[in-house]
Amino acid sequence: MSSSTFGRRGFLLGSGLGLGTLLVLPTVSSRAEGGKVAIPLAKLEVLKSVGGSVVLKLKGKLVLLVRDSATSVRALDPVCTHRECLVAYNPGENKLKCPCHGSQFDLNGRVVHGPASRPLANYAAELAGEQIIVTL
Ligand code: FES
């Protein structure tokens, strides 16, 4: 097992608002084991409430985390499969929307509205006590 901080392995890119905000959280720590990354929920306030979302860079990969229920979280590749803009979670519609050309995806990454034709990649994610565990 190894541990790291977001300063070395990842950083906060935005919070459900596209890339309008670039926040660096050097003090947020995560623990990695194999392909798993454990992120303390206490360091991601936005994910404490259902409907919250955030884009992180973990192990060199962009990961969109969505708090979709009181007991679960989703993790997806936020890079749109059409022309690589970043999608954002819309909690009102419970969809991921691309700001560039209007593609929409469900929380499993499936295309529900084009022009994208391929799904977003999914990562396994779970709430485990006070941590979010993402398997990359
Ligand atoms: S880049 Fe997302 S719809 Fe075109």
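Below are my notes, going from the whole chain to single strand pairs.

**Overall.** I'm working with a predicted model, so I keep that in mind throughout. I looked up the secondary structure and got one helix and 13 strands for the protein chain.

**Burial and contacts.** I checked how much of the chain is buried: 28% of its 136 residues. I also looked at contacts with a separation of 6 or more, where residues 24 or more positions apart account for 42%.

**β5 and β6.** Is β5 enclosed or open to the outside? Five of the six residues in β5 (53-58) came up buried, so I note this strand as largely enclosed by the rest of the structure. Next I looked at its pairing with β6 (residues 61-69): the two run antiparallel and are joined by six bridges. For L56, I found V63 as the bridge partner in β6. The β5/β6 hairpin has two residues between the strands, and there I see K59 with a positive phi near 50°.

**The four-strand sheet.** Which order do the strands take here? I get β8-β9-β10-β11, an open sheet with antiparallel pairing. At the edges sit β8 (88-90) and β11 (111-113), each pairing on one side only. I then went to β9 (residues 95-97) and β10 (residues 104-105), which pair over two bridges. Looking up K97, I found its bridge partner in β10 to be Q104.

Notes
Residues are numbered from 1 along each chain as its sequence is written. This is a predicted model: local features need pLDDT of at least 70, side-chain atom pairs count only at pLDDT 80 or more; totals for chains, interfaces and linings use all residues. A residue is buried if 20 or more other C-beta atoms lie within 10 Å of its own, exposed if 12 or fewer, and partly exposed in between; C-beta atoms are placed from the backbone. Two strands pair if DSSP finds at least two bridges between them. Two residues are in contact if their C-beta atoms, placed from the backbone, lie within 7 Å.
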